[in-house]
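These are my notebook entries on what I looked up in one structure. I went through ring pairs, a sheet with its helices, and charged pairs.

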Amino acid sequence: NEGAGETLNSQETKPICKYFKEGRCWYGEGCRYRHEQGEEEEDGEAPILVSFPEHDRPVDPEDKLTRMFDGALVEFDAGARVTKVRFQSDFSAVRIRGFPKSTTQQLVRDMLEEVGFGDCVEEIHMTDVGHNCEATVVADSPSFAKQLCERIVPSFTWRGMSIKAWSIAALVPRAFKNRQVDCRKVTVSWPKPDREVILSFGNLTIAERVIKMFNEGRCRVLGQRVAAAMAPAPGPDEAPPPARLAFKVMLTELPLGAREVDFKRAVENGPRPRQIVTRQHTASAGEMFSAVHSLLTAIGRLESFDTIDDPTDNKLKAVACFLGQSDALRAVKELDNVAPSFHPRGRLSVRAAYTVRFAVDKRIYDVLWRKLVTVTSKQSILRFGCHSADSAIKVFHIEGESASDVAETKNKVESILAGVVVEEDGVALWHPSLQADGLLYETMTDLEGQLGVVIARDQVRCNLCVFGSDQACHEAKGKLVELVRKESGTDISRSIALKDRRCYWGTKKGFQELVNAVGPGKMWLNLAFPSKVIEMKGTIQEYDLTRAIIAGKSHVSTTLQHPEMKKSVSFAIFQAKTMSMLPITCYSFKRAMLIAQLRKHLSSKMLEQVLKERFLDHVKHNVGQFRPCPTLDCSYIYRITGTECPEWHICSNCLKTTCSVCHEQHLEMEKV
């Protein structure tokens, strides 16, 4: 009984489950904590139990499940209960420097807890830099980075260490990187203030007539239209010009390489100026880029800042990427059409850039790239780029300055990537044997090579999707319908060769195992020399099951083993629709069904329906946290923020901008 004593002692050392005491533990006998009511105190009140936060409870990774629904990353645990809903804008990150080499993650976590930021930390990554160590901290709070940097000022010290922190781009989960809209990039352009030409006249009427001639295009410099206006009056410290040169016309936006003789030719058919003066540029390109960088960083921290100085272009450009999309939209609102300090008569042009990235199987991209390029080339302002993430995945993106054009193109690209669903009589074509790589799947693979298409199995929705040209897809649909119809419910004779060790297994107990699984009278052994095969006559499901057993994969089963589980399946669907805030429980044991159990006893399609129902009901019961996109026919949701932290929300589906506080589109939002 020594073993039993050790087990008893180990159980007694476990803490009492707080949730069992409250009557809401979902794990039942499988809980890792003790299920005891505890001794009552003399006054009759329940004793104070040790509180274990929900995120501190050890959870098996198999009991977690994440899905992407309506633009949100949703996490489920036992009972298909929604435990967390996260959006792309929820993440922020900070890089902390000043730790000695070989610093542990726990030490960084201790420091964050001491300054009051330990609750929302998701990940901590340590990197050795020379003799020091840097920590990259990722949190699922959008205000984490800003608040922590305000707390850790340049003079901050902790345990004798001088600590510095600054915001960086957060590493969001991979689910947000596909088909999500990135609006953190802005493009800033302004005319080069490299030269200005002053034409002096002695009469105001003549000067005004020359300005009109240039602005209407009747006078051109090297065949190009230029801008003309009256030059600013001299300052109080400047001497006034003589009367014969009192009225000055200033020409800007001049073509490169223009000389004084070119300006004389421009006005040879009109009034001739008494003096032509060329002013050189007022600031260098580096100084102008630095000034623009300062304007942007005054709004928010930048992830990147790239400059473009094309000698053949009359404008300078800068492309900046902010850490947050709210800062990018604010930059467009505050800086567009503003005169910079280095060019008072010029104007900044600030435009938001909307980027959508797609990750797709390389085989699918290879048969669809012509369609994709055709769709994106119809909008001249869109840019299309492509690169390979690895040997099997192709990543491409579309980018543009018009939200409506990008949204329209995004929907067209998604419809192309969805493929053509094969249907028969209005019902999606499917066969149970396609859940595994059986004979039917091999036949479909041969069909792909013949027609130049890609046939994908969607094992969640139980359908077949065809990708390729319209003509090839139409031909493939007809052949697939014919192929599945032929295989379904038809007994066909087939042979399975037994080789090596499987031959001995088949001639002994193995053959009887096959008969028990498939049924009597459907197969027999053929031991004629030199081939040793199993001859069978049955459906394709029976053939695939036989091959799986011979290959040693007979543990795979699609039946419900426990009789009570059959009731639990129907009970789970009922709970998903009627008791959304409670966990899905087993019918007889009244215990939360683990994710592994839901996977085992529900079909993939049914499980996805249950999860979607739970998520929609979770949103419905938390109207103070989530709100649907106000755009008609858009099902995406966003998180509501308080009045102290208003934000502009850009829907990643329709790209409409909405205020996250009042849920309306302001007038200035329509201009972004």
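**Entry 1: aromatic pairs**

Searching the whole structure, I found eight aromatic pairs, where rings of Phe, Tyr and Trp (its six-membered ring) pair if their centres lie within 6.5 Å, and planes under 30 degrees apart count as stacked, over 60 as edge-to-face and the rest as tilted. I note at the outset that this is a predicted model, in which local features need pLDDT of at least 70 and side-chain atom pairs count only at pLDDT 80 or more, while totals for chains, interfaces and linings use all residues. Residues are numbered from 1 along each chain as its sequence is written, and side-chain values use heavy atoms, with hydrogens and water left out.

I looked up phenylalanine 69 and phenylalanine 76, which form an edge-to-face pair at 6.4 Å centre to centre, with 75 degrees between the planes. Both phenylalanine 69 and phenylalanine 76 are buried (under 20% relative accessible area, with exposed over 50% and partly exposed in between, for a 1.4 Å probe and protein chains only). The pair of phenylalanine 87 and phenylalanine 626 is tilted, because the ring centres are 6.1 Å apart and the planes stand at 45 degrees. Since phenylalanine 87 lies in the loop between β3 (81-86) and β4 (92-100) and phenylalanine 626 in strand β28 (residues 626-628), this pair ties together parts that are 539 residues apart in sequence. For elements I use DSSP runs, numbered from the N terminus: helices are H or I of at least four residues, strands E of at least two. Phenylalanine 87 is buried at 6% relative accessibility, and phenylalanine 626 is buried at 4%. I also noted that ring pairs link Phe69, Phe76 and Phe615 into a cluster.

**Entry 2: a sheet and its helices**

In what order do the four strands of the open sheet run? I read the order as β5-β6-β4-β9, with antiparallel pairing (two strands pair if DSSP finds at least two bridges between them). The edge strands, each pairing on one side only, are β5 (121-129) and β9 (164-168). From one strand to the next the twist averages 25 degrees, with axes being lines fitted to C-alpha atoms, for helices over the stretch in contact, and angles running from 0 to 180 degrees between N-to-C directions. Eight bridges join β4 and strand β6 (residues 132-139) in the antiparallel sense, and valine 94 stands opposite valine 137 in β6.

I then checked helix α3 (residues 105-114), which lies across β4, β5 and β6 and runs at about 125 degrees to β5 (contact means heavy atoms within 4.5 Å). Helix α4 (residues 144-151) lies across β4, β5, β6 and β9, at about 35 degrees to β4.

**Entry 3: salt bridges**

A search of the whole structure gave me 23 salt bridges, each a side-chain nitrogen of Lys or Arg within 4 Å of a carboxyl oxygen of Asp or Glu. In the one between glutamate 134 and arginine 97, the closest N and O atoms are 2.2 Å apart; glutamate 134 is in strand β6 and arginine 97 in strand β4, 37 residues apart. Is glutamate 134 buried or exposed? I find glutamate 134 buried at 9% relative accessibility, whereas arginine 97 is partly exposed at 39%.
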